[in-house]
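Me: I would like to go through one model feature by feature. For each feature, please give the rule and then the case.

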Amino acid sequence: MKNILLFGAGKSATVLIDYLLANAPRQKWHITVADSDLMLIKSKIGKSYYATPAAFDIKDQALRQQLIQETDLVISLLPPALHIVVAKDCLQFHKNLLTASYIDPEIRKLEKDIKKAGLLFMYEMGLDPGIDHMSAMKLIHSIEKKGGQIYCFKSYCGGLVSPESNDNPWQYKISWNSRNIVLAGISGATYKEKGKVKEVEYQQLFDQNKTVQIPGLGKLAFYPNRDSLSYIDVYSLGNIPTFMRATLRYPDFCEGWNALIKLGLTDDARKQQTANMTWFAWASQNIPVNADLSHEENVAAFLGVSSKSKLVRQLKFLGIMNGELINLGEQTNAGVLQHVLDTKLKMEPSDKDMIVMLHEIEFERRNMGTKLHSYMIVQGEDNLRTAMAKTVGLPLGIMAKLVLSGALELTGLQIPVMPEVYNPVLRELEEHDIRFEESFE
C-alpha cells in the first residue's frame, strides 16, 4: 500500500481527490487529506475506505512532520507562500513533492539539496503553469524535430465563465482562489516582441483592446503574465524575437478591472478600519467627490464615462455605490475587494466555468513561414467539479501515478517540460476530454 498525503482540500482539490480515490483500489493507494476545515475534507472524500481526513493547522510542526514522515508522496495545494514549509519537511524526511504552483526564489535555494537527495520536487504541475508547459513543449519539440525554426511564440490561458452561465456585466465568476484574482498582474509584466523587451506597468496591463480569436467563442481579451522572459530558456528557444505568455478574459472584465485599478481598490499595502465606512466612501476614497452629484455621477466623472455606461453598471453590480456599512474590520483595499468578488461574482450551484488555452507559434521550415494554432476548451460540470479543478487537479493526479509506479527516473527541482512527463500526462488527459485542436495557416 502506497500512501499519498494531500495538503489542501479547497476549490482546486475536488477533481484531484476524485481521481486519487478512483485509482486507489487498483494502484493500492491510501490518501490522507489534510486541511484546517474537517467538514470540507469529509465533503470531498465521502466515506471512502481509501481516504483519511486530517484536520490540522499548517503551523503545527509536530503533526505536519508526522503526516509527512508516514507518507510516500506529498501533494501540496496550499497557498503558494506555504509550500516552502512543506518542501523543507519533504527534504528532511526524504519525500517526493508535487504542486501546481510556480517555482519561487525560496524553493530555488533548496535546488542543490533536492538533487543531492535524489528526490523529485515537481512544481508547476497544474493548468497554467502546467498543461501550458506540457502542450507547448510537445509542439516545440515536434516543430524542431522536423527542422522548423521558431521565431514567434505566444501562449494564452484563461479561467472563464461558460457561455450558458455568463449572466452578469463582468462576464466573470470565481472558480478558484479569489485572492489570486485580486492580485493578478499587480507587479506588471515583461515579455519580448520583435526583438525588443516590453515592460508593462500594472496601470496599463488590462487593455481590453488587445484580443485574440478563439474558434467557437470569438474575441477574447488578454494581458501579459508576469515575467515571460524567464521561460525562454526553459523552453530552449534561445534568441527568439517574440515570446509572450498571457491570461485570457472577456473584454468587459478587463475594462471593469481597469476601473478598479484607477479607483485604487486593488491596493494591498495599507490597512484601514471599515467598521464605520460605507461602500461608497470606500469606493470613492481616492477621488474628488462633488456633493451635488450622485454616487454614480461622481465615479463616472472621475473615470471619464457616462453615469449610464456599462462601466458604471459593472461597479453598481458589485454593490459598491451604496451607503451601507462595510463592517469587515481592519482590511486592505484588496481584502475588501476580495470579499466583494466572493459575494457578487460567486458561482451558483448550477453554474459552469470554462478553461481556454491557445498557443500561437510562427516558424520557418524550408524557407516557408508557417503559423500553428493549437487550442483547448474545457467545460466544467458544476460549481464543484469545475474546469479549473479538472485542469489543475488531473495533471497532479496523473503525475502522482507516474511517480508511485516507478515509471520515472527523474530527480531534482523540475517543471513538466520533458517528454517522459508530458507524453503520458497529455495522453491520459485526453481520456478526460482535455485535448487540443490544431490548425495551420
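Me: Is Lys-173 buried or exposed?

Reply: Some conventions come before the case. This is a predicted model, where local features need pLDDT of at least 70, side-chain atom pairs count only at pLDDT 80 or more, and totals for chains, interfaces and linings use all residues. Residues are numbered from 1 along each chain as its sequence is written, and side-chain values use heavy atoms, with hydrogens and water left out. Buried means under 20% relative accessible area, exposed over 50%, and partly exposed in between (1.4 Å probe, protein chains only). Lys-173 has a relative accessible area of 7%, so the residue is buried.

Me: Which side chains make polar contacts with the side chain of Lys-173?

Reply: A polar contact is a pair of N or O atoms within 3.5 Å; within protein, one must be able to donate a hydrogen and the other to accept it, and residues adjacent in sequence count only if both atoms are side-chain atoms. The side chain of Lys-173 has such a contact with that of Asp-167, at 2.8 Å, and another with that of Asp-351, at 2.8 Å.

Me: Where does Lys-173 lie?

Reply: Helices (H or I, at least four residues) and strands (E, at least two) are DSSP runs, numbered from the N terminus. Lys-173 is in the loop between strand E7 (149-161) and helix H8 (178-183).

Me: Which residues of helix H3 are buried, and what covers them?

Reply: In H3 (residues 61-69), the buried residues are Arg-64, Gln-65, Leu-67 and Ile-68. Down the axis of H3 they fall within an arc of 155° (taken from the directions from the helix axis to the C-beta atoms), so they line one face of the helix. Contact means heavy atoms within 4.5 Å. The cover over these residues includes strand E1 (2-7), strand E3 (51-55) and helix H4 (83-92).

Me: How many salt bridges are there, and which one involves Arg-64?

Reply: A salt bridge is a side-chain nitrogen of Lys or Arg within 4 Å of a carboxyl oxygen of Asp or Glu. The count by this rule is 14. Among them, Arg-64 pairs with Asp-89 at 2.5 Å, N to O. This pair links distant parts of the chain, helix H3 and helix H4, 25 residues apart. Both Arg-64 and Asp-89 are buried.

Me: What does Lys-310 pair with?

Reply: Lys-310 forms a salt bridge with Asp-252 (2.7 Å, N to O). Lys-310 is in helix H14 (residues 310-317) and Asp-252 in helix H11 (residues 251-262), so the pair ties together parts 58 residues apart in sequence. Lys-310 also forms a salt bridge with Glu-255, at 3.6 Å between the closest N and O atoms.
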